Amino acid sequence: MESIVHELPEGAICELFPTFLERPRADAVHEALLGEVPWRAHVIRIFGREVPEPRLSAWLGEPHAVYAYSGVTNRPEPWTKTLAALREELFERLGLPFDSVLANLYRNGQDSMGFHSDDEPELGPEPVIASISLGATRRFQIRHKRGAKRGRLDLELGHGSLLVMRGAMQERYRHGVPKDPRVTEARVNLTFRRIVG
């Protein structure tokens, strides 16, 4: 399984597997998740005010994997059959153990994800996060927290790809998915994590 490793300044590493899932499998997984996952429109707190998330999402995993972000405490839904199989596959192929996943559904190019870091205390220091993309290709932007001149990377995450973020990625960088009005199809993104405290 071929990968492209991007080493960013100050110890952040992104490893991209463009074809983690081959096209027929990616198609089947995408279709299954659209029906299996309990997608919801959530309200989050940003700068002291509540706003609707510009996408649908769901938090799933082991019962202990409670996760708080943007002022919301998320208690996990049980694993679906498809998500449990993907978690097992990540462990078998990469040796990465995960106990939870944040699933996001971008209905079209008007849905987005603002710049943020997955640096909540529950994830521990230097968390490893595995991000599987299905459906429409979307741009994934990475910027150093102290300015793009210190470090930046733009990636096109396609159908069936896997991006593994590790090292100082969450401590030093922010990432996001901007709006793109040219995109008319849906994208499912799965970020597998491990809650450690």
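Arg 139 and Glu 156 form a salt bridge, with their closest N and O atoms 2.8 Å apart; a salt bridge here is a side-chain nitrogen of Lys or Arg within 4 Å of a carboxyl oxygen of Asp or Glu. Keep in mind that this is a predicted model, where local features need pLDDT of at least 70, side-chain atom pairs count only at pLDDT 80 or more, and totals for chains, interfaces and linings use all residues. Residues are numbered from 1 along each chain as its sequence is written, and side-chain values use heavy atoms, leaving out hydrogens and water.

**Salt bridges**
- By this rule, the count comes to 16 salt bridges.
- Glu 62 pairs up with Arg 87 in a salt bridge, the closest N and O atoms being 3.2 Å apart.
- Glu 62 sits in the loop between strand S5 (56-61) and S6, and Arg 87 in helix H2 (residues 81-94), so the pair ties together parts 25 residues apart in sequence. (Helices, H or I with at least four residues, and strands, E with at least two, are DSSP runs numbered from the N terminus.)
- Asp 119 forms a salt bridge with Lys 145, and their closest N and O atoms are 3.2 Å apart.

**How exposed are Arg 139 and Glu 156?**
- Arg 139 is partly exposed, at 41% relative accessible area (buried means under 20%, exposed over 50%, partly exposed in between, with a 1.4 Å probe and protein chains only).
- Glu 156 is partly exposed too, at 43% relative accessibility.
- Salt bridges that share partners join Glu 10, Arg 150, Glu 171 and Arg 172 into one network.
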